[in-house]
Amino acid sequence: MLDHVLGRPSAGFKRIQVLLFTLAAFSVIRRKDSSYPTPKLFKWIDKKLAAYSPWKIVFGVLSATYLINNLFLLLYLNAPEPLARMYTRNFYRATYVLTALDAGCLTAMGMRPRWLREILSFVFGVFYLFRPDAADTKVRKYRALASVEMMRTSWEGRILNPVVRLITFTERGFLPIRRDINIARPTPPSITSFPERELGPVRARLYFAGTEEEMRKSKELILQLPGGGFVTMNPKCHDDYVSNWARQTKKPIVALDYGKAPEYPYPFGLEECFDAYRSIVESNGSVIGLQGWEKDERGNDIIKDPIKIVMCGDSAGGNLAVGVVMRCLETHEKVIAPPAGLILIYPCLSFDIACWMPPDQLKLIRAESQRSLSITNFIEAKQRIKQLSPLAQPEAPRKINVLSGTADRSKSWYHNFRSQPPPAGPTIPSNLSMTSRMSYFTDRIIQPEMMRAMALLYLGSSPEPADLGSDYYLSPVIAPDELLARFPKTYFICGEKDPFVDDTVVLAGRLRDIKKKAHREWQRTMKRYPPPDSASSPASDSIIDGQPATSHRPRHLSIPHNPSVDIATAHQILNNHIFSRDPDAMVRVNILEGISHAFFNMAAILPEAKQATRLTSNWFLEMFADEDAGKNLGCCPDTAEELTDTMIQQISGKTDDTLLRSPSAYGPFYPIYGAPMHMPSPHILVDGVSPEQAFDFAPVGYGAEGDAELDVVKEKHLLERRRLELGSTLYHRDG
């Protein structure tokens with residue numbers, strides 16, 4: 001009360017108030033009865049209490065205090081409970097335990113030495129299990145002023161606490177191989193936005209449920225990018241469910257311990273994860289202990305099938321996993337094959353903390369709900385409001401079964417004595433549909449304050465100012481269609497009440513939409529490349545829209561080269577092309593009703609987490625069993641890329657010149673070596689002619705001669721860009 005009267009909320013004022021009250025009470029207790037006359041009421045109370053033993057008096061006083069504190073609750077004068085029926089019972093129970101452990105860790109955060117802090121963290125956590133409201137209040141106050149120490153103490157402390165790990169040991173169990181490793185950087189190194197830093201090996205954690213020899217002979221690998229808000233949580237914090245993945249799939253798993261903000265801001269983590277992936281691909285797994293490429297007697301690599309990699313990422317790791325795939329697709333000079341499959345677990349795919357959902361995104365969500373029953377309730381919640389209570393959440397089921405996709409919506413027996421609830425309410429306009437970040441701002445796991453803190457820590461000290469409007473490595477939901485069309489098979493799993501659920505549904509909708517367009521274009525292209533033995537097959541070289549098929553050139557550019565490719569080769573490539581895959585089989589979405597964020601880390605206290613672990617293990621096995629996965633380029637990568645770009649140009653309606661004129665439309669340009677840059681910059685001059693002038697240039701008598709001269713100018717610009725790329729190894733950033 002004292003701090004409120006003084007108009008300055010302060011823990012110091014509250015301490016003063018407590019000390020003053022304690023001193024006053026102590027002085028009354030210490031006062032001798034003969035000093036002042038005792039009121040008759042007190043004498044009557046003394047007489048009545050004399051019949052009870054001291055412990056009963058103390059117990060009675062405490063009980064009376066508890067009753068008074070909850071008097072308004074007994075009289076139905078309490079405030080409404082905002083989280084009532086928002087989650088399933090199991091999930092709310094799990095968050096109750098996690099909140100208590102968080103409060104215990106935060107209470108002991110400043111204590112030293114470490115062993116004392118870890119013991120008291122658990123003791124305080126048990127105390128807060130009996131005071132859940134106090135735990136919730138404390139955690140929310142800390143999160144309102146989130147700091148790096150607070151997030152790391154809270155999220156890592158409750159998992160890595162020795163007492164907690166001892167109690168939850170059965171969830172991890174014994175695993176023959178579970179150790180920390182270092183992954184050497186590729187040679188030569190990839191580009192970096194931090195040229196002044198000395199880049200060492202990438203730290204990682206290796207899991208395998210078998211012997212060293214069995215692991216060495218493995219032909220498949222799971223690469224995990226663990227989440228933690230870009231700020232905290234190393235792979236050891238994810239031991240529980242990753243260890244179960246290793247046992248259930250019998251595949252080696254590598255979890256990357258990428259650099260966390262603020263020490264390693266954006267895009268350090270992305271570049272580090274790409275380096276690790278590139279090292280694994282180029283060494284065929286030898287950098288992590290697999291057999292690698294076979295050697296002949298002279299030490300030369302023998303051609304063999306590369307290992308099949310499925311990548312997964314949860315939360316912030318999902319953002320980085322999508323970024324690594326896009327880096328593979330956008331990397332020039334050297335082919336870095338993307339993973340055979342991608343599994344995204346409640347990924348954070350947008351840094352736009354907006355309130356209202358754009359109509360185009362809501363349209364995607366509606367379309368996606370027609371294909372997945374798990375999204376139906378999610379979209380209905382966005383489109384309906386309760387009468388007189390627009391922020392009320394629809395009631396979650398009692399429990400769900402992740403594996404079967406069913407939900408228990410039965411009512412408890414006491415609901416029979418309640419009056420019927422009012423109608424659901426009117427349908428709201430699409431332009432008033434709130435984003436999940438705002439709809440679930442009271443979430444018990446991720447609050448808006450935490451999102452802002454993580455974004456500021458991740459982007460605040462970045463070497464380049466963050467471009468939230470166009471940088472699709474920050475917000476993959478705005479990635480260009482040209483990239484999404486070439487994505488591998490992608491599966492999503494997310495909670496319905498997760499603040500990031502919109503990201504999942506929007507990206508899944510965009511992937512499915514563009515892959516359907518790509519599949520239709522593939523069907524049209526196949527008609528232009530009939531089988532070689534077909535009577536309609538031309539005997540000459542293949543023709544694409546009136547132009548000869550060309551050999552390898554940078555993505556998004558079309559510079560005619562020789563030799564051209566025959567019909568047989570083109571037909572073989574198209575048969576194995578990624579656009580030939582069924583779009584609905586390439587994208588899968590599973591939305592869990594009544595569940596929010598980070599449920600994979602709750603395996604010890606949440607039954608649905610164990611089911612989700614089993615479901616994703618089945619997804620891994622399904623992707624590994626897919627013989628077409630990873631064979632996206634066919635037998636001839638150069639020609640495959642040519643045909644891919646030709647189909648993409650038809651899908652997007654962009655010509656080669658349009659693509660070359662608008663480099664900014666595709667964000668940063670990533671050569672395999674050197675420095676990040678953009679595609680040919682307008683200010684580069686070659687023989688006194690700028691790129692804009694080059695593409696507008698058409699000599700008098702434009703025709704075959706003009707085309708040839710224009711191609712020569714384009715060639716010069718291409719060579720100039722190559723020179724810049726190769727020279728950018730000596731790149732340094734001014735200022």
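The model is predicted, so local features need pLDDT of at least 70 and side-chain atom pairs count only at pLDDT 80 or more, while totals for chains, interfaces and linings use all residues. Residues are numbered from 1 along each chain as its sequence is written, and side-chain values use heavy atoms, with hydrogens and water left out.

Helices (DSSP runs of H or I, at least four residues) and strands (E, at least two) are numbered from the N terminus. Helix α6 (residues 89–107) packs on helix α7 (residues 114–129) at about 135 degrees, with the axes 7 Å apart. Axes are lines fitted to C-alpha atoms, for helices over the stretch in contact, and angles run from 0 to 180 degrees between N-to-C directions. The angle makes α6 oblique to α7; angles under 35 degrees count as roughly parallel, over 145 as roughly antiparallel, 65 to 115 as roughly perpendicular and the rest as oblique. Contact (heavy atoms within 4.5 Å) brings α6 residues including Tyr96, Val97 and Leu101 to α7 residues including Phe124 and Tyr128. The residues of this contact comprise nine nonpolar, four polar and no charged. Ala, Val, Leu, Ile, Met, Phe, Trp, Tyr, Cys and Pro count as nonpolar, Asp, Glu, Lys and Arg as charged, and the others, Gly among them, as polar.

Helix α13 (residues 239–249) and helix α24 (residues 607–625) pack at about 45 degrees, with axes 9 Å apart. This makes α13 oblique to α24. Tyr241, Asn244, Trp245, Gln248 and Thr249 of α13 meet α24 residues, among them Arg614, Phe620 and Leu621. Four nonpolar, six polar and one charged residue form the contact of α13 with α24.

The structure holds 28 salt bridges, each a side-chain nitrogen of Lys or Arg within 4 Å of a carboxyl oxygen of Asp or Glu. Asp136 and Arg140 form one at 3.3 Å, N to O. Both residues lie in helix α8 (residues 132–144), four residues apart, about one turn of the helix. Asp136 is partly exposed at 23% relative accessible area, as is Arg140 at 30%. Buried means under 20%, exposed over 50% and partly exposed in between (1.4 Å probe, protein chains only).

Asp626 and Lys489 pair at 3.0 Å, N to O. Asp626 lies in the loop between α24 and α25 (637–652) and Lys489 in strand β12 (residues 489–495), so the pair ties together parts 137 residues apart in sequence. Asp626 is buried at 12%, and Lys489 is buried at 9%. Arg165, Asp180, Arg205 and Asp239 are linked in a salt-bridge network.
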